[in-house]
Amino acid sequence: MDSWRYSSKINEMKNNNELSSSINSPVANKTVDQGDYKIHYYVAGEEHDEVIVFLHPAFSDHRAFDSQIDFFSKNYKVITIDLIGHGLSKAKKSKDQIDASPVHIQNILAQEQADQVHLVGVSMGSLVAQYFAYQYPERIKSLTALGGYNIHTENKEVTRAQGLSNLGLIVRALFSMNSFRNKVAHITCKSEKGQALFYETVSHYERKSFLVMQGFRHIIKTRADFTPTYPTLILTGEHDIDLAHKMAKEWYAHLNNKEEDLLKDAGHCANLDQSQAFNERVQAFIQTHK
């Protein structure tokens with residue numbers, strides 16, 4: 001879909017109340033000060049004690065979970081975050097990279113007076129979720145990962161595939177950020193609606209934010225002595241790439257307290273393609289681990 005078609009689809013969805021303007025729940029935009037920069041986050045359902053933290057995919061921002069806000073904030077306090085280098089959370093002159101995210105999340109939870117939480121991460125967000133859970137396991141009630149893989153086992157096949165993909169995206173972004181946004185939207189979601197939604201969420205991503213992503217070299221490492229004890233739900237979109245399905249299966253095989261599921265008629269970011277099915281499956285899992 002060309003950018004003008006994404007724009008047309010976005011306008012159509014706005015008219016049909018399918019974008020953020022249709023969120024009925026009050027959402028507070030808050031920040032935590034990290035010295036040289038601020039991390040922006042958003043809170044809905046503040047009257048509830050049970051907390052869910054949603055962590056977005058690469059290049060996107062908190063708006064990737066607009067379709068989750070109303071559904072979950074009826075019964076939970078919902079926190080969505082612009083991870084460093086994404087959305088409004090600009091790294092500015094700081095040398096901090098994406099591996100600083102666990103500290104940011106911890107500071108947010110302290111500010112919100114949240115003790116234990118349910119983590120829900122999509123793609124890159126699922127990797128950050130695992131890294132937070134590795135550093136603060138006592139904070140985790142459950143972890144849901146969509147389109148992710150095990151960060152505690154280095155895999156050359158994944159590293160090679162991601163390296164080639166990222167290089168292609170960087171080259172594309174150097175020539176045209178609009179072309180970059182088109183490409184990531186196309187490869188991330190299966191449906192036209194999902195692609196348009198994702199395209200919209202990439203609007204704040206900047207070329208210099210690619211430097212922030214270098215922090216993944218600290219996140220993905222073999223940790224033979226670490227075995228997660230928290231309950232984990234691994235989700236995969238039916239139309240995600242074969243490697244994603246393979247890595248999800250391998251990860252699932254190494255877990256103890258686990259569940260898995262396939263979200264039909266959905267791509268990598270199934271929460272955008274099939275939001276209702278995603279919401280219902282995540283809610284069912286969380287309800288068993290309160």
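Helices are DSSP runs of H or I with at least four residues, numbered from the N terminus. The model is predicted: local features need pLDDT of at least 70, side-chain atom pairs count only at pLDDT 80 or more, and totals for chains, interfaces and linings use all residues. Residues are numbered from 1 along each chain as its sequence is written, and side-chain values use heavy atoms, without hydrogens and water.

**Exercise 1.** Determine which helices supply the lining of the largest pocket.

*Solution.* Step 1: on a 1 Å grid over the protein atoms alone, a pocket is an open set of points with protein on both sides within 12 Å along at least five of seven lines, and lining residues have an atom within 4 Å of a point. Step 2: the largest pocket holds about 1200 Å³, the volume being the space filled by probe spheres set on the points, which are joined across faces, edges and corners. Step 3: at least two lining residues come from each of α4 (124-135), α5, α6 (177-188), α8 (216-219) and α9. Step 4: α5 gives the most, with 10 residues.

**Exercise 2.** Describe how α5 and α9 cross.

*Solution.* Step 1: the axes, lines fitted to C-alpha atoms over the stretch in contact, with angles from 0 to 180 degrees between N-to-C directions, come within 11 Å and cross at roughly 150 degrees for α5 (residues 156-175) and α9 (residues 242-253). Step 2: α5 is therefore roughly antiparallel to α9, a term for angles over 145 degrees. Step 3: Glu-157, Val-158 and Ala-161 of α5 meet Leu-243, Lys-246 and Met-247 of α9, contact meaning heavy atoms within 4.5 Å.

Conventions
Angles under 35 degrees count as roughly parallel, over 145 as roughly antiparallel, 65 to 115 as roughly perpendicular and the rest as oblique. On a 1 Å grid over the protein atoms alone, a cavity is a set of points where a 1.4 Å probe fits but cannot get out, and a pocket is an open set with protein on both sides within 12 Å along at least five of seven lines; lining residues have an atom within 4 Å of a point.
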